[in-house]
Amino acid sequence: MSRSVIELTNSPEDIARAAEILKNGGLSAFPTETVYGLGADAFNTQALARVFEVKGRPRFDPLIIHIASLETLEKTTSLDGLEPRNKESLEKLISSFWPGPLTFVLPKHPSLPGLATAGLSTAAIRFTSNPIARELITLSTGAVAAPSANLFGKLSPTRAEHVIETLGNKIDCVIDGGPCKIGVESTVLELVPVPRILRPGGISREQLEAVIGPVAEATGSRDEPVHSPGMLPSHYAPKTPLFFHNPEEMDSLPYRRKEGYLFFSGKNRDIWYNRANDKQITGNILVLSETGNTTEAASNLYLYLHELDKSGLTCIHTEMLPETGLGTAVNDRLRRAATSLFARK
Ligand code: TXA
Ligand code: MG
C-alpha cells in the first residue's frame, strides 16, 4: 500500500501541523479512546465531501461531529426546542460521561452543513476524552467531523498502522497516538422521543440506565426504519468470511488449521483445546480476554480481527460474549460482520 500520507507523532508540533491541515480543508486521521477517526473541518463542505469519497461511504450515512468544549455544543446544536425532561437527561449524561465514548443525536444547528448530517435535522455530537484528539480539535476549528478511519463497511482501525494500510494513499496525515484504549466505537444515543441506543458502544446500557433510568435499544432489524445508518445489518467486516457462534456451537466445532478461532475467554478456549486434542495448535486461535472481561475483550476486538484477517485463513469463527457491559457492543459488531458474508453473495 502506498504511503503518501504524512505520518505524525503526538508531539505538540505534529498535532499543530495536523490542525493546520484540517484548517486548510485537508483530512487528518487521529486517535480517539474508541477507534481512529478520519477528521475534516465540520463546516467545510468540500472537505466533508472528500471524507465520503475516501471512505466509499454513502451520502445518506451522517458523520459524527467531534467537539472539545461545551461551547461548541451550542454552535453545532439547537437545544432550545428540547423538552425539559430531555434537557435534564442530556445534562445528567454529559456530566457523567463527557468527555468519553458517548455520542448524542441532537437537533442540529442551522449553520452545520447538511452534508455532515446527511440532510437530517439532527446531528451526532461527541466529546472525546483522548487528549491528542482534543488538542487537535481545539487547535483547528473546534468542530471536526470524523467517521472511523476505515473503508465503509470494513473493520475499524485501533492502531495508526490500520489506517495507513487502507487509507495511506488517500488522506493527508495520520497522528500515531498508539493503541485505542476502548477499542469499539462510541455509543450513539438519541434522547427524543425517548432515550434509545442507536448503536451500542463504549458506554454500556447499564451505565446509561444508572443515570437516567430505562433506555431502549434499536434492534437494527430489517423491519425497522434505518434510524442510524451504522446499524445497517452488514458492517464492520473483515475480508475473510466470518461466523458468529454461541459458546456451545463454538465448543463443538472441529479444529482446522486453515480456519481462525476467536474466543471470548481463556476458559472457553481451554475446554475446546481438550476437545480438539491437538498439541500443535498455532496462531490461528486468539482469546479476547484470558479472564473473560468484556472491557478487555472490546479493547482487543479489532486488533485481533485485523490479525486473523491477514493470516490467509479460509474463515474466522468468533464466539459470542455475554450480553453485559461492553459485551453487547462486541456482539453487535461480530453479528454485523457475520451478516456481511451473506450480503456479499
Ligand atoms: O467512536 C466513534 O464514534 C468513532 C470515533 C472516530 O469517534 N466514530 C464513528 O463514526 O464510529 P462513524 O461515522 O463510523 O459512525 C457514526 C455513526 C453511524 O452509525 C451513523 O449512522 C450514526 O453515527 N449517526 C451519525 N449522525 C446521526 C444522526 N443524526 N442520527 C442517527 N445516527 C447518526
Ligand atoms: Mg464506522
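Tutor: Let us begin with strand β9 (residues 187-190) and strand β10 (residues 196-199), which pair in the antiparallel sense over three bridges. Strands are DSSP runs of E with at least two residues, helices are runs of H or I with at least four, and both are numbered from the N terminus. Two strands pair if DSSP finds at least two bridges between them. This is a predicted model, in which local features need pLDDT of at least 70 and side-chain atom pairs count only at pLDDT 80 or more, while totals for chains, interfaces and linings use all residues. Residues are numbered from 1 along each chain as written, chains are lettered from A and ligands numbered from 1 in the order written, and side-chain values use heavy atoms, without hydrogens and water.

Student: Which residue of β10 is the bridge partner of L189?
Tutor: That partner is I197. β9 and β10 form a hairpin, with five residues between them.

Student: And which way does β11 run next to β10, parallel or antiparallel?
Tutor: β10 and β11 (residues 216-217) run parallel and are joined by two bridges. In β11, A216 is the bridge partner of R196. Between β10 and β11 the chain passes through helix α7 (residues 205-212), a right-handed β-α-β crossover. Right-handed means that, with the strands pointing away from the viewer, the path from the first strand over the helix to the second runs clockwise.

Student: New topic: is I164 buried or exposed?
Tutor: I164, which lies in helix α6, is buried, because its relative accessible area is 4% (buried means under 20%, exposed over 50%, partly exposed in between, with a 1.4 Å probe and protein chains only). In α6 (residues 160-167), A160, H162, V163 and L167 are buried as well.

Student: What covers the buried residues of α6?
Tutor: The cover includes β1 (6-8), β2 (28-30), α2 (45-55) and α10 (294-309).

Student: What about domains?
Tutor: The domain assignment, which is automatic or from a database, gives domain 1 (6-217) and domain 2 (242-343). In contact, meaning heavy atoms within 4.5 Å, are 22 residues of domain 1 and 17 residues of domain 2.

Student: How many salt bridges are there between domain 1 and domain 2?
Tutor: The count is two. A salt bridge is a side-chain nitrogen of Lys or Arg within 4 Å of a carboxyl oxygen of Asp or Glu. K310 forms a salt bridge with E165, with the closest N and O atoms 3.3 Å apart.
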